[in-house]
Amino acid sequence: MPGKATRLKVTQTPTVEVRSSSLPATAEKRPYADFDRMVRGSVARATGGVSPFGLIETWTDWAMHLARAPGRQMELAEHARTNALKLMDFSATSLAGGSPPKPFSPKVYDHRFTDPGWKDTPFSLWQQGFLATQDWWDHATEEVRGLRRQDSDRTRFLVRQLLDTVSPSNFPGMNPEILAETARTGGRNLVEGAVHAAEDLLHTLSQAHTPPPEGYQPGKDLACTPGQVVYRNDIFELLQYTPQTARVRSEPVLIVPAWIMKYYILDLSPHNSLVNHLVGQGFTVFMISWCNPTADQRDLSLEDYRRRGVMAAVDAISAIVPGRKIHANGYCLGGTMLAITAAAMARDHDDRLASITLMAAQVDFSEAGELLLFLDESQVAFLEDMMWDQGYLDRPQMARAFASIRAEDLIYTRAVQRYYLGREDLPTDIGVWNTDTTRMPARMHSEYLRGLFLENRLTAGRFAVEGRVIALKDISAPIFVVGTESDHIAPWKSVYKTRLFTDGDLTFVLTSGGHNGGILSEPGHPNRHYRIGHRAAGALYVDPDSWFATADQQEGSWWPEWIDWLSARSSGRSDPPSMGAPARGYAPLEPAPGRYIHQT
């Protein structure tokens with residue numbers, strides 16, 4: 001069949017395995033290519049993984065397009081004049097003893113000016129001057145005709161980073177809260193803050209692992225749902241949790257967490273543990289606990305995580321609970337990997353999945369939020385060279401990227417609290433988990449950045465598994481998708497796109513909260529709400545704004561909705577399965593949470 005063979009070849013040509021190198025094949029053969037990569041890797045470590053070439057290109061693109069737009073320049077001049085007049089009027093009235101309304105307000109996520117002292121003169125004048133400047137730059141970095149949208153957004157982001165360094169809240173003599181605390185304690189807050197600063201500097205230089213505080217220890221206080229490790233390889237451990245009910249749902253649940261952090265975000269304290277809640281509702285639950293890779297594991301690939309990770313877990317569960325389909329749940333990057341796995345299984349006629357749940361997980365990355373601000377060819381190549389040199393993307397490099405997205409709170413507010421007010425960070429379960437970061441193997445992270453984020457292959461019909469293309473629309477198992485309203489890592493409209501690229505039965509839930517907090521929405525959690533909608537198989541597409549307008553807000557947690565959804569797609573109840581299956585090679589190895597959770 002020559003014609004058929006030709007079509008197959010054309011289809012598969014662009015879907016060959018994602019390259020772990022940014023260099024063209026010809027460049028890799030050049031005699032000094034490794035030397036060049038070593039130099040760039042050294043520069044990358046010095047800049048914290050940020051490409052200076054990408055930044056220069058961004059500023060140049062914005063400045064040149066603005067320079068050839070005299071009308072836009074006049075508009076900005078008028079905007080500056082308007083802001084200046086507002087500021088002058090506010091200042092004159094305030095200095096005369098009045099209480100005029102403030103013309104500029106902080107952004108909703110900016111908590112630097114919440115202290116009542118910012119209402120008083122002269123602090124209110126400094127605050128309003130800063131916010132007026134911020135407002136002008138927000139306007140100046142809006143799109144200009146011909147300017148790439150990514151460069152426009154990135155310029156705004158960079159300006160925001162620069163402005164944050166000169167916020168009056170950062171300076172003791174301009175921050176009323178710091179001045180009041182200094183007067184109250186006789187300067188003891190500054191002494192204690194200096195001690196905190198010295199401790200943090202030493203920790204940054206040594207990169208020593210900080211043990212969790214008392215009362216927040218994984219395996220004892222967190223990640224403490226009883227269970228057993230029933231399988232282990234070099235990539236993951238499979239945890240099976242001990243049943244808490246006399247009878248259980250016949251179909252087990254497999255949870256695939258992200259590998260950028262440790263799994264126990266889904267098994268925090270007993271009261272807000274999704275795992276503990278599921279087991280308490282009568283489900284047999286299995287959890288993947290990923291390893292924290294070292295430089296020796298630099299060549300682990302996306303395919304390794306799929307085949308020797310998710311598929312190995314599916315095979316183990318099929319042996320432990322034979323004859324039963326599996327409810328699969330993927331969170332964040334784990335959800336993306338689960339979608340890839342499910343599509344490959346559908347293509348190969350493997351029908352072992354009873355349902356698929358994707359929590360804050362993206363399958364299309366064209367609108368992947370503020371993380372896209374860090375990614376272009378120059379930036380990815382820069383990261384690749386750094387990972388090529390050290391074998392992985394290290395924890396501090398990832399932590400800085402996530403913190404800079406919300407620098408107002410995660411960097412500057414924390415710094416003021418810790419260094420100027422002398423206050424210790426109060427431990428919380430989610431805070432301890434948030435600092436327990438992991439590394440990313442060089443090859444896998446390069447493939448992820450290029451194949452998914454940069455080239456968006458999964459929804460473009462160019463993502464191959466085992467040399468053959470996969471398509472999300474092949475998935476026939478019912479899908480439950482969860483987005484969170486204020487998610488800046490996986491924006492809910494991006495998560496919603498799963499509805500665009502699948503054809504089967506799909507339920508979409510939009511819950512209050514952010515990327516982590518919205519998922520941790522246990523029953524009884526205060527101030528929670530959600531919206532839910534169902535798309536029948538084969539129904540027409542509804543855009544996210546139209547869906548939002550018609551989906552009524554419901555108070556409370558979305559967890560009961562999901563439990564009911566899973567129960568409706570289960571075949572009934574049965575006796576709990578045994579812990580592991582020793583006769584089939586899955587003997588219990590040790591109690592949960594296992595070893596990998598403790599790797600540093």
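**A helix pair and a sheet**

Author: In this predicted model, helix α5 passes helix α6 in a right-handed crossing. The two helices, α5 with residues 70-95 and α6 with residues 123-140, pack at an angle of about 165°, and their axes are 10 Å apart. Angles over 145 degrees count as roughly antiparallel, and α5 and α6 are therefore roughly antiparallel to each other. On the α5 side, the residues that make the contact include Arg-72, Glu-75, Leu-76, His-79 and Phe-90, while α6 contributes, among others, Leu-125, Gln-128, Asp-135 and Trp-136. Sorted by class, this contact of α5 with α6 holds nine nonpolar, eight polar and three charged residues.

Turning to the sheet, eleven strands form an open arrangement with mixed pairing, in the order β15-β14-β13-β12-β7-β6-β4-β5-β2-β1-β17. Strands β15 (554-555) and β17 (590-591) stand at the edges with a single partner strand each, so one side of each has no neighbour in the sheet. Within the sheet, β1 (residues 227-232) and β2 (residues 236-241) pair in the antiparallel sense over five bridges, and Arg-232 stands opposite Glu-237 in β2. Helix α12 (residues 333-347) packs on the sheet, where it touches β4, β6 and β7, and its direction makes about 140° with that of β6. Helix α22 (residues 559-568), in turn, lies across β6, β7, β12, β13, β14 and β15, and runs at about 165° to β7.

Definitions and conventions
Residues numbered from 1 in each chain as written. Predicted model: local features only at pLDDT ≥ 70, side-chain atom pairs only at ≥ 80, totals over all residues. Heavy atoms only, no water. Pairing = 2+ DSSP bridges. Helix = DSSP H or I, 4+ residues; strand = E, 2+ residues; numbered from the N terminus. Contact = heavy atoms within 4.5 Å. Axes fitted to C-alpha atoms, helices over the stretch in contact; angles between N-to-C directions. Parallel < 35°, antiparallel > 145°, perpendicular 65-115°, else oblique. Left-handed = near helix turned anticlockwise from the far one by under 90°. Nonpolar A, V, L, I, M, F, W, Y, C, P; charged D, E, K, R; others polar.
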